[in-house]
Amino acid sequence: MIITKQIADLITALRGLIAFLLVWLGGTQGAAGLSFAIWLMLADWVGDAIDGPLSRRSSIKYQTWIGDHDLEIDMTVSIGLLIYLLQSGYLSIWVMVGYLLLWGLFFWQQNGIPRSYGMLFQTPIYGWFIYLSLRDAPQTGWIILAFIVIVIALTWPRLPKTVIPGFLSGIRRQNHQ
């Protein structure tokens with residue numbers, strides 16, 4: 001079904017818009033918008049959890065530009081979240097600039113963004129956000145933990161057999177080049 005690939009691409013594109021909503025939210029509401037930022041990130045993570053499997057269900061196998069740039073969309077959302085955290089006073093400008101510079105130099109040295117390292121780039125940002133969510137908006141923040149548990153449960157056969165080994169082999173592969 002060609003339509004499933006198009007729906008998956010639409011979901012991925014909409015996820016990219018979340019980055020800009022996070023920046024807007026940080027600029028207009030700051031820390032007061034944390035609960036809304038949590039809901040935006042949950043929408044992103046739900047979209048991320050379903051766009052790949054939906055795309056793989058397409059009966060016609062072909063690559064699309066947006067599908068090929070899913071990792072870049074993920075990273076764009078994490079940068080939007082990073083800017084939200086800065087604008088909300090949860091992060092210093094120096095930490096953000098240092099973080100982006102170090103990763104930028106690393107990716108430049110790698111001549112691109114290796115998938116495993118692109119995933120690793122997002123981890124501290126999301127970890128800090130989850131911590132802040134639980135600390136400053138626990139009623140909504142706990143929904144993130146519930147979501148993570150549900151995703152792990154639903155993807156359990158694939159997570160330990162494919163996702164984690166694929167991530168680790170990607171790191172090893174890049175370290176041996």
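This is a predicted model: local features need pLDDT of at least 70, side-chain atom pairs count only at pLDDT 80 or more; totals for chains, interfaces and linings use all residues.
Two residues are in contact when heavy atoms of each lie within 4.5 Å of the other's.

**First stop: Ser116**

Select Ser116, which lies in helix α6. Leaving aside residues up to four places away in sequence, Ser116 touches Gly166, Phe167, Gly170 and Ile171. Is Ser116 buried or exposed? A residue counts as buried when its relative accessible area is under 20%. Ser116 has a relative accessibility of 5%, and therefore it counts as buried.

**Second stop: the whole protein**

Now display the whole chain as a cartoon. The protein contains eight helices and zero strands, and along the sequence the pattern reads α-α-α-α-α-α-α-α. The radius of gyration is 17 Å, close to the 16 Å that the globule rule gives for 177 residues, so the protein is as compact as a globular protein of that length. Along the principal axes, the C-alpha atoms fill a box of roughly 45 × 35 × 30 Å.

Next, show the surface. The protein exposes about 10100 Å², and carbon and sulfur atoms supply 71% of this area. Of the 177 residues, 40% are buried. The contacts show how the chain is folded: among those between residues at least 6 apart in sequence, 76% join residues at least 24 apart.

Hide the surface and select Arg15 together with Asp51, Asp70 and Asp74. Side chains of opposite charge can pair when their charged atoms come close. The structure holds six salt bridges, and three of them can be visited here, one after another.

Begin with Asp51 and Arg15, which form a salt bridge whose closest N and O atoms are 2.7 Å apart. This pair links distant parts of the chain, since Asp51 is in helix α2 and Arg15 is in helix α1 (residues 2–28), 36 residues apart. Both Asp51 and Arg15 are buried.

Turn next to Asp70, whose side chain meets that of Arg15 in a salt bridge (3.1 Å, N to O). Asp70 lies in helix α4 (residues 70–87) and Arg15 in helix α1, so this pair ties together parts that are 55 residues apart in sequence. How do the two compare with the cut-off of under 20% for a buried residue? Asp70 has a relative accessible area of 15% and is therefore buried. Arg15 is also buried, with a relative accessible area of 2%.

The next partner is Asp74. Arg15 forms a salt bridge with Asp74, and their closest N and O atoms are 1.9 Å apart. Here too distant parts of the chain are linked: Arg15 is in helix α1 and Asp74 in helix α4, 59 residues apart. Both Arg15 and Asp74 are buried.

Select residues 93–109, which form helix α5. This helix has 17 residues and reaches 24 Å from its first C-alpha to its last, close to the 24 Å expected at 1.5 Å a residue. Which residues of α5 are buried? They are Met96, Tyr99, Trp103 and Phe107. These residues cover an arc of only 70° around the axis, which means that they are on the same side of α5. The buried residues of α5 pack against α4 and α6.

**Last stop: helix α7**

Select residues 138–154, helix α7. The buried residues of α7 are Thr140, Gly141, Ile144 and Phe147. They cover an arc of only 110° around the axis, which puts them on the same side of α7. Where do these buried residues pack? Their packing is against α2 (34–56) and α6 (115–136).

Finally, turn to the face of α7 that points away from its buried side. Select Gln139, Trp142, Val149 and Ala153, the exposed residues that this face carries.

Terms used:
Residues are numbered from 1 along each chain as its sequence is written. Side-chain values use heavy atoms; hydrogens and water are left out. Helices (H or I, at least four residues) and strands (E, at least two) are DSSP runs, numbered from the N terminus. The expected span of a helix is 1.5 Å times one less than its number of residues. Buried means under 20% relative accessible area, exposed over 50%, partly exposed in between (1.4 Å probe, protein chains only). The arc is that of the directions from the helix axis to the C-beta atoms. The radius of gyration is taken over C-alpha atoms; the globule rule is 2.2 Å times the number of residues to the power 0.38. Accessible areas come from the Shrake-Rupley method with a 1.4 Å probe; for residues, only the protein chains shown count as cover. A salt bridge is a side-chain nitrogen of Lys or Arg within 4 Å of a carboxyl oxygen of Asp or Glu.
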